[in-house]
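Here is a short briefing on one model. Please look at the strands and the aromatic rings as you read.

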Amino acid sequence: MSGVYDDSVGVEVSSDSFWEVGNYKRTVKRIDDGHRLCNDLMNCIHERARIEKGYAQQLTEWAKRWKQLVEKGPQYGTVERAWCAFMSEAEKVSELHLEVKGSLMNEDFEKIKNWQKEAFHKQMMGGFKETKEAEDGFRKAQKPWAKKLKEVEAAKKAYHAACKEEKLAVSRETNSKADPALNPEQLKKLQDKVERSKQDVLKTKEKYEKSLKELDNATPQYMENMEQVFEQCQQFEEKRLRFFREVLLEVQKHLDLSNVASYKNIYRELEQNIKTADAVEDLRWFRANQGPGMSMNWPQFEEWSADLNRTLSRREKKKASDGVTLTGINQTGDQVSQPNKHSSVSSYEKNQSYPTDWSDEESNNPFSSTDANGDTNPFDEDTSPAMEVRVRALYDYEGQEQDELSFKAGDELTKMENEDEQGWCKGRLDNGQVGLYPANYVEPIQ
């Protein structure tokens with residue numbers, strides 16, 4: 001037998017090499033992927049910008065809410081200012097994060113968008129011009145070599161078939177020699193078949209070798225042409241990679257607030273404000289304004305006066321602020337109008353003393369808080385209806401007077417009237433007790 005044949009030779013061995021016919025498509029696809037990656041990066045930056053905006057809004061809302069709570073709460077003095085410095089910090093940081101959001105969208109996002117528009121040119125029939133140019137370049141470079149490869153495959157197939165036929169003919173001839181029933185003429189035919197198959201093997205082998213040699217000769221030119229197109233694609237991709245690196249560095253600069261001078265100043269100022277908090281100074285202030293250091297109009301002997309003046313209770317002040325004018329009654333017949341008295345009552349001022357020229361011991365005054373029988377003054381209740389709202393206590397509160405409610409943080413009650421000018425509301429506990437309480441000690445139940 002002139003040719004060596006093996007059944008395993010006919011099995012196609014798949015290859016993932018770039019040089020295989022059609023495998024250049026991965027390089028072409030990379031161009032389309034570059035356009036998609038631009039969209040992905042823009043979406044990534046857009047989402048981060050939304051996060052920056054949301055964080056800035058949350059900081060602002062937090063600062064506003066807690067600034068009100070601290071200012072209306074029981075904290076005072078330099079420690080109160082130090083506490084409020086955190087809210088100022090939040091407002092300033094919020095502004096910086098809004099600037100970050102603006103830089104991401106107005107600079108980075110737009111930069112990618114413009115580069116993508118300049119780098120990729122859409123065709124009317126779909127796809128991109130750059131993709132089609134790469135596809136056409138690879139196809140043109142590969143076409144001659146692919147044609148010769150096809151001829152090699154055909155010659156190889158014919159050669160292998162001839163080898164297989166030769167092997168069968170030789171096998172039949174060998175078996176016929178051992179068969180006594182076979183006549184010489186039949187044996188001669190088998191021998192002729194073997195001879196023809198050997199000649200076919202020689203011819204197909206020669207053709208196979210010739211086509212393979214032609215393919216080998218065409219391979220260097222094929223590789224050169226493919227390399228040229230591939231390098232063009234590499235240059236295009238290099239531009240995209242370098243651009244992405246540049247943009248990512250810009251994004252990093254915009255996100256890194258540690259290098260922003262104003263950001264450092266915010267926390268330097270915050271630290272200074274906290275360090276200025278002075279416990280001794282606050283205690284001295286409280287002693288002078290709320291403690292034994294306060295001035296006092298000690299009781300002294302006073303001659304009787306015809307004017308029946310008295311101290312307005314907090315509830316009567318509320319009526320005055322709502323437009324009700326309280327007047328004194330002159331027993332001599334002359335009616336003197338009692339002017340309205342508005343006083344801002346804070347959590348520190350509600351127990352302070354008032355001038356001694358006021359008195360609420362006039363039993364004949366019809367506007368006193370209670371009559372001789374202890375019944376409530378009809379002017380103490382509002383005649384205008386108010387919508388009741390359920391609220392929840394934020395802090396513990398212990399009533400300081402009989403007409404005030406006491407509750408614990410987390411307790412729920414019903415607000416019957418809106419906050420007055422002095423910061424007090426009228427409410428009702430679940431046990432039915434009605435009284436006043438500080439408005440800033442509760443929040444509406446959502």
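Valine 389 lies in strand β1 (residues 389–393); helices (H or I, at least four residues) and strands (E, at least two) are DSSP runs, numbered from the N terminus. The model is predicted, so local features need pLDDT of at least 70 and side-chain atom pairs pLDDT 80 or more, while totals for chains, interfaces and linings use all residues. Residues are numbered from 1 along each chain as its sequence is written, and side-chain values use heavy atoms, without hydrogens and water.

**Valine 389**
- Valine 389 is partly exposed, at 30% relative accessibility. Buried means under 20% relative accessible area, exposed over 50%, and partly exposed in between (1.4 Å probe, protein chains only).
- Valine 389 touches Leu413, Thr414 and Lys415, leaving aside residues up to four places away in sequence. Contact means heavy atoms within 4.5 Å.
- Isoleucine 445 is 56 residues from valine 389 along the chain, and their C-alpha atoms are separated by 8.3 Å.

**The sheet**
- Five strands form an open sheet in the order β4-β3-β2-β1-β5, with antiparallel pairing. Two strands pair if DSSP finds at least two bridges between them.
- β4 (434–438) and β5 (442–444) are the edge strands, each pairing on one side only.
- Strands β2 (residues 412–417) and β3 (residues 424–428) run antiparallel, joined by three bridges.
- Lysine 415 stands opposite glycine 427 in β3.

**Cysteines**
- The structure holds zero disulfides, a disulfide being a pair of cysteine sulfur atoms within 2.5 Å.
- Cysteine 163 is buried, at 0% relative accessible area. Cysteine 425 is buried too, at 4%.

**Aromatic rings**
- There are 20 aromatic pairs. Rings of Phe, Tyr and Trp (its six-membered ring) pair if their centres lie within 6.5 Å; planes under 30 degrees apart count as stacked, over 60 as edge-to-face and the rest as tilted.
- Tyrosine 76 and tryptophan 285 are stacked, because their ring centres are 5.6 Å apart and their planes are at 25°.
- Tyrosine 76 lies in the loop between α1 (25–72) and α2 (77–119) and tryptophan 285 in helix α6 (residues 279–290), so the pair ties together parts 209 residues apart in sequence.
- Tyrosine 76 is buried at 18% relative accessibility, whereas tryptophan 285 is partly exposed at 33%.
- Tyrosine 263 and tyrosine 267 have ring centres 5.1 Å apart and planes at 65°, so this pair is edge-to-face. Both lie in helix α5 (residues 261–275), four residues apart, about one turn of the helix.
- Ring pairs link Phe18, Trp19, Tyr24, Phe138, Trp145, Tyr222 and Phe230 into a cluster.
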